[in-house]
Amino acid sequence: MTPSELKAYLDNLIRKNLYISTMIWGAPGIGKSSIVGQVAKEHGIDFVDVRLSQLAPTDLRGLPVAEDGISKWYPPEFLPRSGEGILFLDELNMAPPAMQGVAQQLILDRRVGSYTVPHGWFVWAAGNRKEDRAAVFDMPAPLANRFLHLEVQSDFDSFKAFALETGVNEQIIAFLSFRSTLLHKLDPQQPAWPSPRSWVMASQLRYAGLNIAPAVGTGAAAEFAAFITLYETLPNLTPILEGKGNNIPFPTEPSARYATAIGLTVRAADANQAYNAFTWLNKVATAEWVQLFAVDLFRVMRSKGQMGMLANFVKKDPNLQKFLQDFQQLVAL
């Protein structure tokens, strides 16, 4: 499933109070941990991230302490004791078999030693697959059989929606729109390689004016640098956003077209600028480019609370009304 589909599935587990232990599988860097953290935040519940590969069995089971001649286990402070939330066992299958054995009781019985998972807490886990060249151990069949298993793969549309909402650098979004195969490209021979996680890091480097190669590798960084030269040939987007773009043509080079569409989407500060960009593109571009732009624009305007005002502008424009009639599905996005 895509990251968006995974998030929707996890949302439903919480909404329907299904406290079934759940294992999320996927390649490194595609956002498994981030998605779980987002779900917890959106539902207003706590999130405890436990990296089992960094723990010893006694770290999870607790320390034995003698009381009245009886050994009792004192659980660690990081395990939740009240409230509601997600207890997330990350890197589960990177933990050695002895550690997985201790975790098995927590996953199956919701308890380990003298500790019991409070009601209202979901127990979820995540791990990488062997084909991802990750240093993982085989998961014992009894442990695997105690989980729901969800496998997630990188997906550019999911990443773009996340990137537009969280302020990932405009040029990186435009580049990956043009070269989406570089969103995730594992290279076990190199320490740095492209992934959704490393592109977010690259965005921070880009904002700081630094080379992005340490985040995504030299190959991807070289392609990105070549793409950036296109920005010198882009039309001036400011007049378009101000409603003064009548004499500005749409670029002919596909990569420049992606850059223009993403640039207008990211730079539209409000519904008025969004409407100006929408009407300009509808005049100068073919329907598939307008549709691509509209999907992203509507998402951004919703996140800014401007969608209602933009809808009012669109209702008064017969040309845009005709476009939306041909692409009714856009309204529901």
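Reader: Which residue is the bridge partner of valine 48 in E5?
Author: Leucine 87. Strands here are DSSP runs of E, at least two residues long, and helices are runs of H or I, at least four, numbered from the N terminus. This is a predicted model: local features need pLDDT of at least 70, side-chain atom pairs count only at pLDDT 80 or more, and totals for chains, interfaces and linings use all residues. Residues are numbered from 1 along each chain as its sequence is written, and side-chain values use heavy atoms, without hydrogens and water.

Reader: Over how many bridges do E2 and E5 pair?
Author: Over 6 bridges, in the parallel sense. Two strands pair if DSSP finds at least two bridges between them. E5 covers residues 85-90.

Reader: What order do the strands of the open sheet take?
Author: E2-E5-E8-E1-E9, 5 strands with parallel pairing. E2 (46-51) and E9 (148-151) are the edge strands, each pairing on one side only.

Reader: What holds strands of a sheet together in general?
Author: They pair through backbone hydrogen bonds, either parallel or antiparallel.

Reader: New topic. How many residues are in the largest nonpolar core?
Author: It has 58 residues. A nonpolar core is a set of buried Ala, Val, Leu, Ile, Met, Phe, Trp, Tyr and Cys residues joined through side-chain atoms within 4.5 Å. Buried means under 20% relative accessible area, exposed over 50%, and partly exposed in between (1.4 Å probe, protein chains only). Leu176 and Trp199 are among the residues with the most contacts inside this core. Helix H14 (residues 287-303) gives the largest share, 8 residues.

Reader: What is leucine 176 in contact with?
Author: Phe156, Phe159, Leu182, Leu183 and Trp199, leaving aside neighbours within four places in sequence. Contact means heavy atoms within 4.5 Å.

Reader: Threonine 260: buried or exposed?
Author: Buried, with a relative accessible area of 0%. Threonine 260 is in helix H12 (residues 254-267).

Reader: Which residues of H13 are buried?
Author: Among them are Ala271, Tyr275, Phe278 and Trp280.
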